[in-house]
Structures are given as structure tokens and as C-alpha cells.
Amino acid sequence: MIMTPFAHKYQKIFYILSLAVILLSAAVCLVCYFLGVSPTDFIRPCIFNQLTGYYCPGCGGTRAVISLLHLNIIQSFIYHPFVPYVAIIAAIFIVSYTVSLISKGKIGYFKLRPIYFYISIALIMINFVVKNILIYNGIWVA
């Protein structure tokens with residue numbers, strides 16, 4: 001079953017939001033660099049993990065982003081598969097949409113479809129279940 005893409009106006013909104021997130025992230029990194037601090041200095045421990053001893057669905061995301069920024073895609077995937085998946089989909093979308101804008105629509109762009117979002121939710125849930133099963137059995141070492 002092929003899912004139809006989201007409407008063009010939503011593709012455009014996602015494109016604008018994606019560029020805004022990239023620019024804001026770059027600005028934060030530059031400010032932190034010039035101030036001599038690490039963005040991770042401001043991150044607090046996971047409350048869910050502290051209270052229960054188990055990972056929450058988002059645990060590992062920050063480490064995955066840091067690994068991805070160091071171009072260690074495999075390690076990023078191990079920490080949290082959602083992060084490299086979204087980064088790849090977003091990169092393909094942003095580049096193709098930009099090319100489409102530059103060519104004034106003569107070249108099409110990679111259209112976002114609901115299935116990509118369903119896959120991301122599945123990755124989050126699978127990561128949550130697998131890591132916690134491994135913790136319960138004493139196998140996972142974070």
C-alpha cells in the first residue's frame with residue numbers, strides 16, 4: 001500500500017521548520033563554542049530512568065545526536081535508531097526541496113509521506129522495548 005504524500009503546504013511548512021531548527025542549532029553550538037561550554041552541560045538526567053531504573057522512549061537520543069555529529073552513524077543508531085533515521089530522511093528532503101526551489105519546480109523533490117512518521121514511532125517504541133528487555137535480563141550496558 002502506497003501512502004500519498006502530505007499536501008504541498010505541509011511539505012513547505014516542514015521545510016521552513018527544518019531550516020529554522022538547523023539554524024538555531026548551529027547558533028547554539030557557535031555560542032557555546034565561543035563561551036567555552038558544551039551544550040551537554042545543560043542537559044539534566046532522565047527523571048524516568050532515575051525513578052524506575054529503566055530507559056524512557058527518548059533515552060539515548062542525546063548520545064545519538066552527539067555520535068551523529070561526529071559522523072559515527074552506527075554508534076548513533078545503537079544509542080537511538082530514531083536519530084539517524086530522521087537525520088537521513090530530513091537531509092534528503094531538505095536537499096531535494098532546495099534543489100526544487102532553485103530549479104523553480106522543474107526538478108521534483110522527495111515528498112514526505114505518513115509512513116515515514118509511522119516508521120519513526122515504531123523505531124522509538126522498538127528501541128524502548130528492546131533496551132528495557134535487555135536491562136531486565138542484565139545484558140545492556142549503557
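## Pockets and core of a predicted model

Helix α5 supplies the largest share of the lining of the largest pocket, eleven residues. Please keep in mind as you look around that this is a predicted model. Alongside α5, the helices α1 (8-35), α3 (61-69) and α6 each supply at least two residues of that lining.

In the largest pocket, 37 residues form the lining, and V21, V65, L68, V83 and A87 are the closest to the centre. The second largest pocket is lined by 13 residues, of which R44, P45, C46, C59 and G60 are the closest to its centre. Two or more residues of this second lining come from each of α2 (47-52) and α3, with α3 giving the most, three residues.

Now to the nonpolar core. The largest one has ten residues: Y15, Y85, I89, F93, I94, Y97, Y109, L112, Y116 and L123. Both α5 (82-102) and α6 give two or more residues to this core, and α5 gives the most, with five. Setting aside residues up to four places away in sequence, Y97 touches H8, Q11, K12, Y15 and Y109.

Finally, a look at S120, which sits in helix α6 (residues 114-136). Is S120 buried or exposed? S120 counts as buried because its relative accessibility is 9%, under the 20% cut-off. Beyond its neighbours within four places in sequence, S120 is in contact with F82 and Y85.

How values were computed: Residues are numbered from 1 along each chain as its sequence is written. This is a predicted model: local features need pLDDT of at least 70, side-chain atom pairs count only at pLDDT 80 or more; totals for chains, interfaces and linings use all residues. Side-chain values use heavy atoms; hydrogens and water are left out. Helices (H or I, at least four residues) and strands (E, at least two) are DSSP runs, numbered from the N terminus. Buried means under 20% relative accessible area, exposed over 50%, partly exposed in between (1.4 Å probe, protein chains only). Contact means heavy atoms within 4.5 Å. A nonpolar core is a set of buried Ala, Val, Leu, Ile, Met, Phe, Trp, Tyr and Cys residues joined through side-chain atoms within 4.5 Å. On a 1 Å grid over the protein atoms alone, a cavity is a set of points where a 1.4 Å probe fits but cannot get out, and a pocket is an open set with protein on both sides within 12 Å along at least five of seven lines; lining residues have an atom within 4 Å of a point.
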